[in-house]
Amino acid sequence: MPKVKRLTERDIPLLEQAASLERKCFADPWSYEMFQLEATRRGGMVLAAVNESGKLMGFLTASYVMDTADLTNVAVHPEFRRQGVGGMLIEAMLQELGDGVEVLLEVRVSNQAAIGMYESFGFVPVGTRKNYYDHPVEDAILMKRDARRDASSDGNEEV
């Protein structure tokens with residue numbers, strides 16, 4: 001059974017695997033040092049989905065300050081795609097952030113699979129960023145998941 005683990009600077013093999021997967025998945029990849037920094041800095045988060053043998057199935061990076069978070073990266077190893085790994089990572093991030101945190105992200109307009117997954121977690125499109133991506137040049141959809149509030153706090157529960 002896969003598990004999600006929050007990485008620290010001591011998780012060198014998993015950080016190395018994340019950097020390697022990043023190079024396979026993205027035209028402008030993060031370096032190992034960027035993953036290491038995100039795992040150690042205050043407000044940074046690197047989550048890894050790991051299988052029973054310790055192999056990285058996928059990762060998620062995010063940064064947060066107070067009640068706002070930016071989901072900056074999600075990647076799933078091609079061998080493990082369409083198996084719920086991305087959703088498992090997003091669920092773990094949302095649980096760790098807790099209620100009351102608004103989450104923003106950008107996604108390529110052509111990445112319909114990711115858009116559908118984000119929508120299943122309550123993200124909605126709120127804008128477009130023209131020519132946001134390189135290699136190839138493409139617009140990004142800006143998506144937001146509103147902070148969840150306790151129904152008793154204002155009488156209205158967001159669904």
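Predicted model: local features only at pLDDT ≥ 70, side-chain atom pairs only at ≥ 80, totals over all residues.
**Exercise 1. How many helices and strands does the chain have, and which pattern do they follow along the sequence?**

The chain has 5 helices and 7 strands, where helices (H or I, at least four residues) and strands (E, at least two) are DSSP runs numbered from the N terminus.

Residues are numbered from 1 along each chain as its sequence is written, and side-chain values use heavy atoms, with hydrogens and water left out.

**Exercise 2. Find the largest nonpolar core and state which element gives the largest share of it.**

Begin with the term: a nonpolar core is a set of buried Ala, Val, Leu, Ile, Met, Phe, Trp, Tyr and Cys residues joined through side-chain atoms within 4.5 Å. Buried means under 20% relative accessible area, exposed over 50%, and partly exposed in between, with a 1.4 Å probe and protein chains only.

The largest such core has 29 residues, and those with the most contacts inside it include Leu60, Leu71, Met93 and Tyr118. Among the elements that give two or more residues to this core are β3 (56-65), β4 (68-76), α3 (85-97) and β7 (138-145). The largest share, 7 residues, comes from α3.

Leaving aside neighbours within four places in sequence, Met93 is in contact with Met45, Leu47, Leu60, Ala62, Leu71 and Val103. A second, separate core of 16 residues includes Leu14, Leu15, Trp30 and Val46.

**Exercise 3. Decide whether Ser63 is buried or exposed, and list what it touches.**

First locate the residue: Ser63 lies in strand β3. Its relative accessible area is 16%, so Ser63 counts as buried. Not counting residues up to four places away in sequence, Ser63 touches Glu38, Arg41, Gly43, Thr68, Ala69 and Asp70. As a further check on distance, the C-alpha atoms of Ser63 and Ser31, which are 32 residues apart along the chain, are separated by 17 Å.

**Exercise 4. Which residues have a positive phi although they are not glycine, and where is there a cis peptide bond?**

Met66, in the loop between β3 and β4, has a positive phi of about 50 degrees, and at 78% relative accessibility Met66 counts as exposed. Arg82, in the loop between β4 and α3, has a positive phi of about 65 degrees, and Arg82 is likewise exposed, with a relative accessible area of 79%.

The cis peptide bond runs from His135 to Pro136, with omega near -5 degrees, and Pro136 lies in the loop between β6 (124-133) and β7.

Note on methods:
Contact = heavy atoms within 4.5 Å.
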